[in-house]
Amino acid sequence: MSQADLLDQDPVFQLKGSMLAITVLELAHNDLERLDRQLADKVAQAPNFFQNTPLVLALDKLPDGEGNLDLGKLMQLCRSHGLRTLAIRANREEDIAAANVLDLPVLPPSGARERLVEPVEARKKSEKPEKPAEPVFKPSKIITTPVRGGQQIYAQGGDLIVLAAVSAGAELLADGNIHVYGPMRGRALAGVKGDSKARIFCQQMGAEMLSVAGQYKTAEDLRRDPLWGQSVQVSLSGDVLNITRL
């Protein structure tokens, strides 16, 4: 078999499942003018929450008798407030047909229970100041065996320490810091609950993704870093991930 044939058989993609945080906008009435005003009020309360937020438009709770919905206009309205529509959830034939024209994925009506989401900044303004809760100390989670592709390990309330290699396709998550004393080829997400002081320590950086408090770099960016494959620490300064030599 020639080298060209071998190269042709080398897979160029993988299909993987993932659990992502997606905001659902459940429309109760076909009234875009009122929706525009109310969304503007929400954005004013928490502008950071509405920056390129992925969105599913739920149209399956719209009452009958309010006329056909202009889906294209609705999407433009949401986009003007920072909401990017990824799909709709619908059961009416006219809504599904409109989505097909716009080449927008259609999800079936949801039977799952969903919780109301209020932007953090808005909650801070509406809540009365309370005495901060005393921090609960949790010991570091220590992993001594290799972390294989498809595995996910989460250190809740503390640091995660891995004393072995982390394979591609594996995922490490910690509320605190992440230490990897071996080759790091998977994904590492430190400070997953927003701790911007969290850090990632790698003995050999070859990661698919590194993230601190929601700010991340993927392998495409990491491979261009002069410290690729070396011992590094990753920290957050503002919205910028800094990678420095250990």
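A salt bridge here is a side-chain nitrogen of Lys or Arg within 4 Å of a carboxyl oxygen of Asp or Glu. Keep in mind that this is a predicted model, in which local features need pLDDT of at least 70 and side-chain atom pairs count only at pLDDT 80 or more, while totals for chains, interfaces and linings use all residues. Residues are numbered from 1 along each chain as its sequence is written, and side-chain values use heavy atoms, with hydrogens and water left out.

Let's begin with the charges. The structure holds nine salt bridges. One of them pairs Arg-89 with Glu-26, with 3.4 Å between the closest N and O atoms. Arg-89 sits in strand S3 (residues 83-89) and Glu-26 in strand S1 (residues 23-26), so this pair ties together parts that are 63 residues apart in sequence. How covered are the two partners? Burial goes by relative accessible area: buried means under 20%, exposed over 50%, and partly exposed in between, using a 1.4 Å probe and protein chains only. Arg-89 comes out buried at 5%, whereas Glu-26 is partly exposed at 41%.

Two other bridges are worth a look. Asp-95 and Arg-92 bring their closest N and O atoms to 2.8 Å, and both residues are buried. Glu-171 and Arg-187 also form a salt bridge, with the closest N and O atoms 2.8 Å apart. Glu-171 is in strand S8 (residues 171-174) and Arg-187 in strand S10 (residues 187-190), so the link spans parts that are 16 residues apart in sequence. Of this pair, Glu-171 is buried at 15% relative accessible area, while Arg-187 is partly exposed at 29%.

Now back to S1 and S3, and the sheet around them. Two strands pair if DSSP finds at least two bridges between them. By that rule there is an open sheet of four strands in the order S1-S2-S3-S4, with parallel pairing. S1 and strand S4 (106-107) are at the edges with a single partner strand each, so one side of each has no neighbour in the sheet. S3 and S4 are joined by two bridges in the parallel sense, and Ile-88 has Val-106 of S4 as its bridge partner.

Take strand S14 (residues 232-237), where five of the six residues are buried. Three bridges connect S14 with strand S11 (residues 200-205), running antiparallel; here Cys-202 has Val-232 of S14 as its bridge partner. S14 also pairs antiparallel with strand S15 (residues 240-245), through six bridges, and Ser-237 stands opposite Val-240 of S15. The hairpin of S14 and S15 has two residues between the strands, and Gly-238 takes a positive phi near 65° there.

Val-212 faces Gln-215 of S13. This hairpin also has two residues between its strands, with Ala-213 at a positive phi near 50°.

Leu-227 is buried, at 9% relative accessibility. Its C-alpha atom is 9.2 Å from that of Gln-204, a residue 23 places away along the chain.

Cys-78 is buried at 0% relative accessible area, and Cys-202 is buried at 1%.

Finally, the surface. Ile-142, Leu-163 and Tyr-181 form a nonpolar patch with about 310 Å² of accessible area together. Such a patch takes nonpolar side chains (Val, Leu, Ile, Met, Phe, Trp, Tyr) joined within 5 Å, from residues with over 30% relative accessible area and no salt bridge, the areas coming from the Shrake-Rupley method with a 1.4 Å probe. Ile-142 belongs to strand S5 (residues 141-143) and is exposed, at 51% relative accessibility.

How values were computed: Patches are made of residues with over 30% relative accessible area and no salt bridge: like charges are joined within 9 Å, nonpolar side chains (Val, Leu, Ile, Met, Phe, Trp, Tyr) within 5 Å.
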